[in-house]
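Here's a quick briefing for anyone meeting this structure for the first time. Have a look at the model, then read on.

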Amino acid sequence: IEVLTQEFNSLKESNSVTITELATVKTDLENRNRELEEKVTLQDKIQNLNQASELINEGNYEEASILLVSMDRDGLPADLVDRFDELVSRAHPRTANILFNRGVSKYRAKAYDEAIVIFNDCLKYADYDSYFSGDSKYYLGEIALIREDNESAKNYFTDVVDNYNGIAKNYWTARNRLSRLE
């Protein structure tokens, strides 16, 4: 029995070393895999930035904006963050302009459901303090009024009056609409 116990302990020790070695190898492989995934992700982001740049140069601002919004800015090296920000500053204002004009066209055609979607999309790309933000909210308020949703209309017009004085073209109209709703 003593001999068997010694052999068992010997096997146990050698397996323990092997298990420890395997655990170390596993950890090393997981770390290496993580590093490779990060490199692939970075390469994908670089490729998306290049594609967004090409789209902007071709005048496809909406597609470029959609691509940029789908990207995760976090984790980019500083030079790529600067490039990302530059592309956003070139694409988003033009996308907001395109969407705003499309929304106004749908509004005028009384295609209100489509106009709502488009104005909300416009708000994704317009700077908070831009003309497109304020007037998109104004038109959303007008649609709410047409649909007799006075509470939503009041909220939109209040937002325009409180935040877009001197910015939104329809500021005064929103102010008048709001005073009638109160």
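**Getting your bearings**

E148 is exposed, with a relative accessible area of 68%; exposed means over 50%, buried under 20% and partly exposed in between, using a 1.4 Å probe and protein chains only. Bear in mind that this is a predicted model, where local features need pLDDT of at least 70, side-chain atom pairs count only at pLDDT 80 or more, and totals for chains, interfaces and linings use all residues. Residues are numbered from 1 along each chain as its sequence is written, and side-chain values use heavy atoms, with hydrogens and water left out.

**The chain as a whole**

- You'll find 7 helices and 0 strands in the chain, where helices (H or I, at least four residues) and strands (E, at least two) are DSSP runs numbered from the N terminus.
- Followed along the sequence, the pattern reads α-α-α-α-α-α-α.
- The chain has 182 residues, and 33% of them count as buried.
- Take the contacts between residues at least 6 apart in sequence: 55% of them join residues at least 24 apart. Contact here means heavy atoms within 4.5 Å.

**Two loop residues with positive phi**

- E148 sits in the loop between helix 5 (131–146) and helix 6 (150–163). Its phi is positive, about 60°, although E148 is not a glycine.
- K110 belongs to the loop between helix 3 and helix 4. Phi of K110 is near 60°, a positive value in a residue other than glycine.
- K110 is exposed too, its relative accessible area being 60%.

**Helix 3 against helix 4**

- Helix 3 and helix 4 (residues 112–125) pack at an angle of about 165°, and their axes are 8 Å apart. The axes are lines fitted to C-alpha atoms, for helices over the stretch in contact, and angles run from 0 to 180 degrees between N-to-C directions.
- That angle makes helix 3 roughly antiparallel to helix 4. The cut-offs are under 35 degrees for roughly parallel, over 145 for roughly antiparallel, 65 to 115 for roughly perpendicular, and oblique for the rest.
- By class, the contact of helix 3 with helix 4 has 12 nonpolar, 3 polar and 4 charged residues. Ala, Val, Leu, Ile, Met, Phe, Trp, Tyr, Cys and Pro count as nonpolar, Asp, Glu, Lys and Arg as charged, and the others, Gly among them, as polar.

**Helix 3 against helix 5**

- Helix 3 and helix 5 pack at an angle of about 20°, with 10 Å between their axes, and are therefore roughly parallel to each other.
- The crossing of helix 3 and helix 5 is left-handed.

**A closer look at H92**

- H92 is part of helix 3 (residues 78–108), and it counts as buried at 11% relative accessibility.
- Its side chain makes a polar contact with the side chain of S65 (3.0 Å). A polar contact is a pair of N or O atoms within 3.5 Å; within protein, one must be able to donate a hydrogen and the other to accept it, and residues adjacent in sequence count only if both atoms are side-chain atoms.
- Leaving aside neighbours within four places in sequence, H92 is in contact with S65, L68, V69 and Y125.

Conventions: A crossing is left-handed if the near helix is turned anticlockwise from the far one by less than a right angle, and right-handed if clockwise.
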